Amino acid sequence: MNKKLMTLAVAGALAAPAGALAQVTVYGRANLGVDRYEAKGSTAGTASDLAARNRVFDSGSRIGVRGVEDLGGGLRAVFSIESGVNVDNGSNLGQNGAANTSTGFLGSRDSSAGLESSFGRVTFGRQSVLWTNGTIMQSGANYVNIDVPMATVGGGFGRVTGFGTRINNTLMYTFPTMSGFGGYLAYAPNSEAVQGNGTGNVDATIKAVRVTWEGVVKVQADLGINQAASPVAPATLRLKNTSTKLLVGWPYMPGAQISVLLGNIKIADTAAVAGFTSAGDAVKQRAIVVNWEQTFGTFQALAMAGKLNKVSGCGVAANCDNTEATSLMVGGRYILSKRTAAYVTYNATKNKDNQILDYTAAGYTSANPLPAGADPKIIAVGVQHNF
């Protein structure tokens with residue numbers, strides 16, 4: 001394009017009405033490194049152990065585009081389309097060769113469109129419900145490769161399956177922030193794949209609410225209910241997952257925070273699982289996670305510890321025995337710039353003989369599935385770049 005045509009193009013753009021121009025941003029993250037994963041000590045014996053292996057890993061890399069258009073009168077159109085990318089292997093497979101549902105497709109991560117104003121935001125699409133921990137506990141989400149697995153309550157507690165991660169076909173109303181308070185309401189009609197012509201009922205739903213407050217401390221409270229469709233005779237089970245979590249964070253100085261998470265998952269009308277539940281059981285399990293982070297100039301120190309209590313509610317009481325677990329993460333980041341950091345982490349989870357807690361977020365584990373009682377450990381060195 002010659003200078004005259006370029007000048008005309010720029011002049012035309014500047015002359016366009018302000019309401020006709022949408023602000024669009026392309027962004028993303030590359031988070032990769034090398035680690036060593038193993039899971040030994042399985043209840044079934046050494047033949048079931050996962051021997052130590054070296055890996056080049058990808059953890060949560062993504063690319064996205066988001067935009068906002070001023071519609072006038074305080075109303076704005078908003079959209080985001082975010083996709084996970086496995087930069088390590090160029091496919092949608094996680095470290096264990098199984099499909100990673102957060103990668104491989106356009107819009108595989110949080111993606112939505114809607115409207116916002118001073119009254120809040122309404123969006124439709126694939127959105128995180130119960131999954132995220134905001135700025136109260138974000139080591140695994142934003143800082144390093146992975147953190148203690150019980151910190152992501154929506155992902156489940158090993159034996160006790162999770163509420164879900166990103167939920168398809170979700171309507172979400174995000175509250176406007178007022179006096180430090182915020183949060184959202186979410187609803188998903190979780191029956192779109194059911195024909196409803198006698199082959200299945202269409203009353204499955206997902207409902208959730210989050211309330212947050214930021215002041216001297218940060219507080220986040222979540223409740224989510226994932227209700228399966230009514231069974232069609234002769235079936236009788238209608239699984240219902242009710243998950244809650246409460247987070248409190250104390251930012252005691254700039255760049256430093258101590259936080260605690262209390263999580264609980266209850267599942268009614270469970271299916272039969274060998275060595276664990278009987279059909280129709282109502283099981284529940286609690287978790288506690290403590291997190292610490294502090295920045296010293298260009299170095300950030302990180303530490304997390306989590307504990308799973310024993311599952312209760314098994315039809316055969318002994319099947320709930322030995323379902324506890326503990327987990328530890330320690331790490332450090334060297335902040336190279338506002339967008340780039342190098343990090344080192346050590347993660348270790350100790351499962352009792354009937355527990356299978358593992359590092360499943362973002363397809364990170366090498367097990368498929370983890371043998372009961374095995375203790376996964378990971379030493380990692382990585383680099384994260386945000387753009």
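Start with the surface. The accessible surface of the protein is about 18500 Å², and carbon and sulfur atoms hold 63% of that. Accessible areas here come from the Shrake-Rupley method with a 1.4 Å probe, and for residues only the protein chains shown count as cover.

A word on ground rules. This is a predicted model, where local features need pLDDT of at least 70, side-chain atom pairs count only at pLDDT 80 or more, and totals for chains, interfaces and linings use all residues. Residues are numbered from 1 along each chain as its sequence is written, and side-chain values use heavy atoms, with hydrogens and water left out.

Now the overall build. The protein has two helices and 19 strands. Those are DSSP runs, numbered from the N terminus: helices are H or I with at least four residues, strands are E with at least two. Along the principal axes, the C-alpha atoms fill a box of roughly 80 × 55 × 45 Å.

How much of the protein is buried? Buried residues are 41% of the 387. Buried means under 20% relative accessible area, exposed means over 50%, and partly exposed is in between, with a 1.4 Å probe and protein chains only.

Next, contacts, meaning heavy atoms within 4.5 Å. Take those between residues at least 6 apart in sequence: 61% of them join residues at least 24 apart.

Let's zoom in on Q127. Q127 sits in strand β6, residues 120–128. Is Q127 buried or exposed? Q127 is buried, at a relative accessible area of 6%. Its side chain makes a polar contact with the side chain of T123, at 2.7 Å. A polar contact is a pair of N or O atoms within 3.5 Å; within protein, one must be able to donate a hydrogen and the other to accept it, and residues adjacent in sequence count only if both atoms are side-chain atoms. Beyond four places in sequence, Q127 touches several residues, including D110, R166 and M172.

On to N291, in strand β15, residues 283–296. N291 is buried, with a relative accessible area of 1%. Leaving aside neighbours within four places, its contacts include I136, I258 and A303.

That brings us to I258. I258 lies in strand β14, residues 256–268, and is partly exposed at 34% relative accessible area. Among the residues I258 touches, beyond four places in sequence, are W250, N291 and W292. I258 and A303 are 45 residues apart along the chain, and their C-alpha atoms are separated by 9.8 Å.
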